[in-house]
Amino acid sequence: MVSEHEYLTHYSQLPDVKYEYINGEIWAIDNASKSHNVIAGNFYVPFRQHLKGTSCMAYMETQKVKMGQNYYLPDVIVDCGKQDDKYTATQAIVIIEVLSESTRETDLTFKLNDYKKIPSLQEYVLAEQDFMNVTVLRRNENWAAQFYSQSDDLIELKSIDFAITVAEIYTDVVFPEKKHFQAA
């Protein structure tokens with residue numbers, strides 16, 4: 001067990017590796033794949049452009065989200081809070097996580113349960129990195145999942161008055177080749 005104070009004073013300040021703090025344990029964040037980075041960037045860049053001049057800011061993998069004693073580092077976050085705390089989002093309204101084999105379980109369990117408790121959070125978006133699929137959970141729809149998997153599907157994030165197609169999210173993503181079964 002590591003204390004919250006130890007996490008904040010030691011682990012969260014290390015430059016080479018990012019760590020989350022979940023239920024008293026330190027979780028190292030794996031290096032992200034190229035696809036993961038492209039997908040996160042395909043959210044971040046249009047968010048940043050869309051939010052210019054507003055009280056909201058988009059961040060990519062740098063701002064912590066605190067829920068209880070847990071600290072998470074979402075892939076992309078839109079925060080509309082005061083910029084007093086330079087490392088922690090205070091009014092997250094949109095959180096994006098890019099799913100991979102190594103993060104899927106945490107993103108769909110610990111993080112989902114904690115994120116739903118953030119009073120300001122309106123939309124939680126999960127984007128698959130190995131195939132085209134985006135899941136959006138919205139507070140005003142009781143966190144029911146909506147799935148988007150067709151290129152021309154339009155995803156509307158009403159909390160920031162923003163829309164993006166699935167094709168735009170997956171622009172320049174190279175998907176892994178599917179393995180084919182060969183009978184012996």
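Begin by selecting D172, which is found in the segment after α5 (166–169). The model on display is a predicted one. With D172 highlighted, inspect its backbone: phi is near 70°, a positive value in a residue other than glycine. Most residues other than glycine have a negative phi.

Next, select W143, in the loop between β10 (134–138) and β11 (145–148). Here too phi is positive in a residue other than glycine, with a value near 60° for W143. Is W143 buried or exposed? Its relative accessible area is 14%, and since buried means under 20%, W143 is classed as buried.

Now turn to the cysteines and select C56 together with C80. These two residues form a disulfide, with their sulfur atoms 1.8 Å apart. The count for the model comes to 1 disulfide. C56 lies in the loop between α2 (34–51) and β3 (57–60), while C80 lies in the loop between β6 (76–79) and β7 (88–89), so the pair ties together parts that are 24 residues apart in sequence.

Stay on this pair and display the torsion about the S-S bond. For C56 and C80 it is about 105°, and the disulfide is therefore right-handed.

Finally, colour the two cysteines by accessibility. C56 is buried, at a relative accessible area of 10%, whereas C80 is partly exposed, at 23%.

Key. Residues numbered from 1 in each chain as written. Predicted model: local features only at pLDDT ≥ 70, side-chain atom pairs only at ≥ 80, totals over all residues. Heavy atoms only, no water. Disulfide = S-S within 2.5 Å. Helix = DSSP H or I, 4+ residues; strand = E, 2+ residues; numbered from the N terminus. Buried < 20%, exposed > 50% of the residue type's maximum accessible area, 1.4 Å probe, protein only.
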